Amino acid sequence: MTIFSKIISREIPADIVYEDEHCLAFRDVNAQAPLHVLVIPKRVIPSLVEVDSSDATLLGHLLVTASQLAPKLGYANGFRTVINCGSDGGQTVNHLHVHLLAGRHLGWPPG
Ligand code: AMP
């Protein structure tokens, strides 16, 4: 079980900004931009490499949720979504999550 499961079950607190039947969105504790939210599925999927076609609707739902959250939270000038996968991809929590970043110009390429 990861820390994100404990956030879903409310065993540990988080600054939750959105919730529905399938996903939860909360602010990252180590924000890398004025808006840094993590959108996670309630069903545990360890990483993006472990999905298959049966997960397509859920994955789409995470992106649609992220897209709607940015303007809803006051960031209408654009945003970035990131899914880190595996150790080279920089993933540190093994519960799939979409980073939603906004509120400053985000450089490219990423570090
Ligand atoms: P990643 O490195 O892509 O796996 O992202 C994991 C993210 O989870 C990091 O940006 C962390 O800052 C964030 N994080 C870890 N623990 C918590 C927590 N308890 N509440 C909110 N965000 C967290």
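Is Leu35 buried or exposed in this predicted model? At 0% relative accessibility, Leu35 counts as buried, where buried means under 20% relative accessible area, exposed over 50% and partly exposed in between, computed with a 1.4 Å probe and the protein chains only. The model is predicted, so that local features need pLDDT of at least 70 and side-chain atom pairs count only at pLDDT 80 or more, whereas totals for chains, interfaces and linings use all residues. Residues are numbered from 1 along each chain as its sequence is written, and side-chain values use heavy atoms, with hydrogens and water left out.

**View 1. Leu35 and strand E3.** Leu35 lies in strand E3, residues 35-41; helices (H or I, at least four residues) and strands (E, at least two) are DSSP runs, numbered from the N terminus. Between the C-alpha atoms of Leu35 and Tyr18, which stand 17 residues apart along the chain, the separation is 14 Å.

View 2. An oxygen atom of the ligand lies 2.8 Å from an N or O atom in the side chain of His99, and a polar backbone atom of Gly90 is 3.0 Å from a ligand oxygen. A backbone N or O atom of Val93 is likewise found 3.0 Å from an oxygen atom of the ligand. Of the 500 Å² of accessible area that the ligand has on its own, the protein covers 84%, with areas taken from the Shrake-Rupley method and a 1.4 Å probe.

**View 3. The shell around the ligand.** The ligand is surrounded by 16 residues, the closest being Asp28, Asn84, Thr92, His97 and His99, where a residue counts as near if one of its heavy atoms lies within 4 Å. Helix H1 (3-8) and strand E2 (23-27) are the elements that give two or more residues to this shell, and H1 gives the most, with three residues.

**View 4. His95 in the loop between E4 and E5.** His95 is found in the loop that runs between strand E4 (80-82) and strand E5 (98-102), and because its relative accessibility is 0%, His95 counts as buried. A polar atom of the His95 side chain lies 2.8 Å from the backbone oxygen of Pro41.

View 5. Arg10, in the loop between H1 and strand E1 (16-19), has a phi near 65°, a positive value in a residue other than glycine. With 44% relative accessibility, Arg10 counts as partly exposed. The peptide bond from Trp108 to Pro109 is cis, with omega near 5°, and Pro109 is placed in the segment after E5.

Conventions
Polar contact = N/O pair within 3.5 Å; in protein donor to acceptor, adjacent residues only side chain to side chain.
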